[in-house]
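Open the model in your viewer and show it as a cartoon. Keep the selection tool ready.

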Amino acid sequence: MRATLAIARRELHQYFETPMGWLCLCGFVLITGLFFALMTTDYSIQAGQAAMSPYGGQDINVNDWLIQPFFSNTAVILLLLCPALSMRLFAEDRRQRSMELLLSSPLNSAQIVLGKYLGALGFLAVLLFGTLHTALILYWLGDPDPGILASNYLGTFLLAASFLAVGMLTSAFTDSQVVALVISFGLLLGLWILSWADSLAPSTWGGVLAHISMLSHMEQMSKGLLHLEDVAYYLSFIGFALFATWQRVEAWRWQ
Amino acid sequence: MIRVEQLDKRYGSFHAVRQISFEVRKGEVVGLLGPNGAGKTTTMRILCGCIGATSGRALIDGKDVLEDPRGVKRRIGYLPEVPPLYPNMTVRDYVRFAATIKEVDDVNAAADRAIGRVGLSDVGHRVIEHLSKGFRQRVGLAQALVHDPDVLVLDEPTSGLDPAQRVEIRELLRELAAGDRTVILSTHVLGEVEAVAERVVVIHQGRVVASDRIADLAHAGAARLRISRPGAEASAAIAAVSGVSALHDEGGGLYRVEAAADVSDKEALRAAIARAAVDFGLLELGAAEGLEDAYLRLTSGSGPDPRDGGRPASPSPQTES
């Protein structure tokens, strides 16, 4: 356990030792902040217009008109960002030959995989922490539903954690970070647009495909509805990716 | 302490290591010698549990790396050919990290001890990336030493260093080898092996072609001579000299004479050989071949030298005692 945490800590540190980590962090906070500012402005205009409208503006509220779209935008940014965070997890170790330190240490492959993944999750937590000011502003200016905020945060974290798990898996298959980046981005995009399958081909298969999509499981959570099914989807997705990565690391020892 | 039995490793169709067997006793320093691509690194990586063998076993103190990976790895310190460093960590953080994943109890004390041991105390706070190659090699050594292993496996510890750094590392290795520590180091710099190791295992094309004490390997041939009238009669006369164990006819009147194991006075033996050869028109009589000659002889051509009767394919009798 101590060794696993040491690997996680080292991975987390690594993000702050490289320009890449800082670039991702600053870029993420900046872009989400910008989105938030634009959306709040837009929301206040819409709300003002709705208040003056004779047809009533009761339906316009912070939860549905601001929090939900903000988090779905954040999810898209994370889709672009996560492959860049996960690409180095194994590829870098193999390229600079530091993998041999891990392989010759009294660690098993599961500890290595778990440690690296936890390190990446740690950085994800830092990223999401960087959006907390938006929640504070909402509380200051309005009256958001804490349940919706919390379930959106949870959903976004689980979604991005799935992105990172896929990214780590692809990183374990190559010693080139760029290749890992491109492949994991392609995979994530594929899994993302599967949700369109339902509307493009409304059949049983379309439904099944939409069910596999990462996006469709966010919908309920973004409305503040926490279904066990959705959480279980993300957790099993992550579990599968970690298992595959573990198998891959084991295979290195035997190839 | 270390026992490698019939180790075999294939990468697809490439046969990297073929039925390698050798043994290293506790406290011994053994050089793994061989040209590039001979299978030294593969053997070491299997020994350290980084990769698995296709067949055969590698035992550390009687335990197979595969049966008890954690227990065995805790006792091995491994320095790969390229030190496994994280360039943007400081020396101290890196060694502490290594100590933690190697399950050392007192991480800070162990890290400081290892850093002091390899003479890096002054640069502990510096980022590895900015260190010279020699220092980086030392950081790699600190990593291998941090858990105070019984067995050190060093893959070309002086490769790519300048002569001064090379001497420094060599001194360090000699210090580390003192005491009970068992050390295997691979190299293709012969001088290094002579300076540090007591015994060499020569690997060529994935096979062990010799496994001997350096003194024995270097002086296996007691003499090299050339005569103007070679023939069966000459061979018989030289072979009959007491102390000569074998005579190899290399053609063109060239002979290589091997001394029996109990001959200590090689000079006297050469004198006796000279007296016998003089009747057949002795042209030249050279002293024993050095380690370099032995190495070149063993690693030239493909596979074991047929002149040696195929014997070196397995460890020589002297080392199996």
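This is a predicted model: local features need pLDDT of at least 70, side-chain atom pairs count only at pLDDT 80 or more; totals for chains, interfaces and linings use all residues.

Residues are numbered from 1 along each chain as its sequence is written, chains are lettered from A and ligands numbered from 1 in the order in which they are written, and side-chain values use heavy atoms, without hydrogens and water.

**Stop 1: the sheet.** Select chain B. Look for an open sheet of 4 strands, in the order β2-β1-β4-β5, with antiparallel pairing. Strands are DSSP runs of E, at least two residues, and helices are runs of H or I, at least four, numbered from the N terminus. Two strands pair if DSSP finds at least two bridges between them. The edge strands are β2 (14-24) and β5 (63-64) of chain B. Now pick Arg3(B): Leu59(B) in β4(B) stands opposite.

**Stop 2: a helix in chain A.** Select residues 2-17 of chain A. This is α1, with 16 residues.

**Stop 3: where the chains meet.** Show both chains. Here 33 residues of chain B are in contact (heavy atoms within 4.5 Å) with 26 residues of chain A. Next, select Arg45(B) and Glu100(A). They form a salt bridge (a side-chain nitrogen of Lys or Arg within 4 Å of a carboxyl oxygen of Asp or Glu). The closest N and O atoms are 2.7 Å apart.

How values were computed
The expected span of a helix is 1.5 Å times one less than its number of residues.
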